[in-house]
Amino acid sequence: MLKLANLLNKPPKPIDPSCGITLERHVAVIEPEHCIGCTLCIKACPVDAIVGSSKRRHAVIAELCTGCELCIPPCPVDCIDMLLMPAHANWTTEQAHAARARMHRRSERLVRQKSEQSARLESKAIQKLDGLSESMDPDAAKKKAIIEAALARARARRQQGNSTESKP
Ligand code: SF4
Ligand code: SF4
């Protein structure tokens, strides 16, 4: 707040509580004995601060946790708590920049993974179409039409996604 006021060369104003309250730094902690390894918290964490794999206990890397609490609602067994950090462990500007960079990297990775998955599915569908062209299946024409329509929809979605991404 002070930095913003200095930047704008204006006197600082008190924080508007209707926009949220300021808390000391908290980090998420997973109770290992209750975690069922469902991976839902990993999917929710915007900065990749949770490690674990399917059906294995998960853990939070405290140094990377921003305390955003986004992992708490998806946990089906309510085994994530927020722990108050000591004052000396308060968030620094460098940590905030690093967290933002991790968030951007994660978003880019998710977009890339989605596109790779679509390409894999498309290639499978094309293989299936080739198989149907050679098959004696009496329903081949009907099945081909269904797959071709699904392929067209997938391509349209991808094109739409690409044009949204390329917008400034
Ligand atoms: S509180 Fe936020 S940053 Fe920390 S582990 Fe949960 S989702 Fe990730
Ligand atoms: S959401 Fe909860 S139960 Fe699922 S992996 Fe995370 S901590 Fe474990």
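**View 1. Lys55, an exposed loop residue.** Lys55 counts as exposed, with 9 C-beta neighbours inside 10 Å. Lys55 sits in the loop between strand 2 (50-51) and strand 3. Helices (H or I, at least four residues) and strands (E, at least two) are DSSP runs, numbered from the N terminus. The phi of Lys55 is positive, about 65 degrees, although Lys55 is not a glycine. Most residues other than glycine have a negative phi.

This is a predicted model: local features need pLDDT of at least 70, side-chain atom pairs count only at pLDDT 80 or more, and totals for chains, interfaces and linings use all residues. Residues are numbered from 1 along each chain as its sequence is written, while chains are lettered from A and ligands numbered from 1 in the order in which they are written.

View 2. Asn9 lies in the loop between helix 1 (2-8) and strand 1. Its phi is near 60 degrees, a positive value in a residue other than glycine. Asn9 is exposed, with 6 C-beta neighbours inside 10 Å.

**View 3. Ala28, a buried residue of strand 1.** Ala28 belongs to strand 1 (residues 26-30). It counts as buried, with 25 C-beta neighbours inside 10 Å. Beyond its neighbours within four places in sequence, Ala28 is in contact with Val60, Cys65, Cys71, Ile80 and Met82. Contact means that two C-beta atoms, placed from the backbone, lie within 7 Å. Ala28 and Val60 are 32 residues apart along the chain, yet their C-alpha atoms are separated by 6.5 Å.

**View 4. The largest nonpolar core.** This core has 11 residues, among them Ala28, Val47, Val60 and Cys71. A nonpolar core is a set of buried Ala, Val, Leu, Ile, Met, Phe, Trp, Tyr and Cys residues joined through C-beta atoms within 7 Å. Cys71 touches Ala28, Cys41, Ala44, Cys45, Ile50 and Ile80, not counting residues up to four places away in sequence.

**View 5. The surroundings of ligand 1.** Ligand 1 is surrounded by 14 residues, and the closest are Ala28, Cys45, Cys65, Cys68 and Cys71. A residue is near a molecule if its C-beta atom, placed from the backbone, lies within 6 Å of it. The shell has 11 nonpolar, 2 polar and 1 charged residues. Ala, Val, Leu, Ile, Met, Phe, Trp, Tyr, Cys and Pro count as nonpolar, Asp, Glu, Lys and Arg as charged, and the others, Gly among them, as polar.

**View 6. Val77, across from Cys35.** Val77 is in the loop between strand 3 (59-60) and strand 4 (80-84). It is exposed, with 11 other C-beta atoms within 10 Å. Val77 and Cys35 are 42 residues apart in sequence and 7.2 Å apart in space, C-alpha to C-alpha. Setting aside neighbours within four places in sequence, Val77 is in contact with His34 and Ile36.

Definitions and conventions:
Buried ≥ 20, exposed ≤ 12 C-beta atoms within 10 Å, placed from the backbone.
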